[in-house]
Amino acid sequence: MIWLTWRQFRTQALVAGLVLAALAAYLLYLGVQIRADYRTDVVGCVPSDCTVTRRLFGNAYEAPIAIISLILIAVPGLIGAFWGAPLVARELENRTDRLVWNQSVTRGRWLAVKLTVLGVAAVAVTGIYSLLLTWSASRYDEYIGSRFSAPNFGARGVAPLGYAAFAFVFGVVVGLVVRRTVASMAIVVALYAALQIVVPLALRAHLMPPVTTEVKVTADVMAHAQGFGMNDTSARILGYTQPGAWSMSPDNQVFMADGTPLTAARNKACQTGSMDGDFACMESKNLHFVYSYQPASRYWPFQWIETSAYLVLAGLLAGFGLWWVRRRIT
């Protein structure tokens, strides 16, 4: 069965190998280039120029890394659509299942071998791609510090392995139930795309309770924020985040020492005409805000939790598929 599965799968394997080789060559080139620029431009930059250096370094590699990351996020969905969905649906659609499942190998064993061999291949291809991208973009991720962002998180570490296992098994099961190849492929792509939108936006932030802390407004805090927003009724720290953390509250209400909101009228006393004077005045008033975030140290726990969830879903779907092919396919 393993030899037969390989014979039937060799065309897809060859195409995947060629694409992976091309992507590997590009990622190796990109990683070497990023490291060279990091050593020459970023390491040891003059403090007064580091902000500009950071922006230029980020702008130089933001587009290629974002594109490659989006491609990797799409790879498991494509595997589910082009490897998983036709696996059984094509046999049922062409009625070749009558020949395949009347041999000495039972239909349950046939499906189990297919799921195992091709599922391992799907995870391996995605894993190699993820490893190469994680290495290639490591200096960029370390310096720019956005590992929790949706495209980066889903294209780094072990999370893509869970996506690949789930998408492939889901494609097979959809093909089993729908029995039409094209329709099954469309369903897999649509649902996988929906998951890649819903999970980062609505579910991922709740995998672990966020940390909430009170932060005093200082010059150092302002340096890690995008700015200080003010209107007639309130003031806010805009875009504040700790290095490497995932901010749950990007715009934070600023309060006085007594707990009342800072307003434009109350802030006029700190308009000294110089930035240093403004910061010194703010610090003297003990301004503060409440900040909720996921610490940088939770990156790998988040990776493993999400990967485990997708692997469990893949296992449940595989069990359902084995039951379906034995009991419901006639």
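Leu-238 stands opposite Asp-251 of strand β5, in a model that is predicted, where local features need pLDDT of at least 70, side-chain atom pairs count only at pLDDT 80 or more, and totals for chains, interfaces and linings use all residues. Residues are numbered from 1 along each chain as its sequence is written, and side-chain values use heavy atoms, with hydrogens and water left out. Strands β3 (residues 235-238) and β5 pair in the antiparallel sense over 3 bridges, where pairing requires that DSSP finds at least two bridges between two strands. The elements themselves are DSSP runs, numbered from the N terminus, with helices (H or I) of at least four residues and strands (E) of at least two. In the order β2-β3-β5, the 3 strands form an open sheet with antiparallel pairing, and its edge strands, β2 (227-230) and β5 (251-253), each pair on one side only.

Aromatic contacts were examined next. Rings of Phe, Tyr and Trp (for Trp, the six-membered ring) pair if their centres lie within 6.5 Å, and planes under 30 degrees apart count as stacked, those over 60 as edge-to-face and the rest as tilted; by this rule the count comes to 16 aromatic pairs. One of them is the stacked pair of Phe-166 and Phe-170, with 5.6 Å centre to centre and 10° between the planes. Because these two residues, Phe-166 and Phe-170, are 4 residues apart in helix α7 (residues 159-178), they are separated by about one helical turn. Both Phe-166 and Phe-170 are buried, that is, under 20% relative accessible area, whereas exposed means over 50% and partly exposed in between (1.4 Å probe, protein chains only).

The rings of Tyr-299 and Trp-300 have centres 5.4 Å apart and planes at 80°, so this pair is edge-to-face. Tyr-299 counts as buried at 3% relative accessibility, while Trp-300, with a relative accessible area of 40%, is partly exposed. Arg-147 lies over the face of Tyr-299, at 3.9 Å from the ring centre, a charge being over a ring if NZ of Lys or CZ of Arg is within 6 Å of the ring centre and within 35 degrees of the ring normal.
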